[in-house]
Amino acid sequence: PGAKVHPDVLSELVRPSVDYVRHKKFRSGNYPSSLSNESDRLVHWCHGAPGVIHMLLMAHKVFKEEKYLKEAAECGEVIWQRGLLRKGYGICHGTAGNGYAFLSLYQLTQDKKYLYRACKFAEWCLDYGTHGCRIPDRPYSLFEGMAGAIHYLSELANPEASRFPAFEL
């Protein structure tokens, strides 16, 4: 299902691009927020391992190579260690967005560890407003605010069918 990419494009452009990003990984297992940034600080969907994990999972599905799944699992460990964010609860740069990484890992591996971790991130979101997180510029929006956290929480009712909003179709 979905759009098909010509095999030459996959082998000559996509795979080398994925591998280039893979080789930018920090020793911690996290990834830079941009190609020129050497700071290993940000761990949220729009910067770092929680965004890269989705690329690695797709690379595993397309190229059928275990190295991509192994590195996605390593991203999962970074997110588990550093992904409960005081920046907010939302999807783009908050705990809910990081929780989607665990739902994606769970869907691919069926390892209950990832479902457990997704639930623990949801518990954090259920205590909305009690962790001293900053208030986002758009507090009710899908990607910054409460709507994203609610969307993430609703995904846990059927984690096998969860999809990162406006990203996974």
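Residues are numbered from 1 along each chain as its sequence is written, and side-chain values use heavy atoms, without hydrogens and water. In this predicted model local features need pLDDT of at least 70 and side-chain atom pairs count only at pLDDT 80 or more, while totals for chains, interfaces and linings use all residues.

Colleague: What does α5 reach from its first C-alpha to its last?

Modeller: The expected span is 1.5 Å times one less than the number of residues. With 15 residues, α5 is close to the expected 21 Å, reaching 21 Å.

Colleague: Which backbone nitrogen does Asp-111 reach at the start of α5?

Modeller: A polar contact is a pair of N or O atoms within 3.5 Å; within protein, one must be able to donate a hydrogen and the other to accept it, and residues adjacent in sequence count only if both atoms are side-chain atoms. A side-chain oxygen of Asp-111 comes within 2.9 Å of the backbone nitrogen of Lys-113.

Colleague: Is Lys-64 buried or exposed?

Modeller: Lys-64 lies in the loop between α2 (49-63) and α3 (66-82), and has a positive phi of about 55° although it is not a glycine. Exposed means over 50% relative accessible area. At 65%, Lys-64 is exposed.

Methods
Helix = DSSP H or I, 4+ residues; strand = E, 2+ residues; numbered from the N terminus. Buried < 20%, exposed > 50% of the residue type's maximum accessible area, 1.4 Å probe, protein only.
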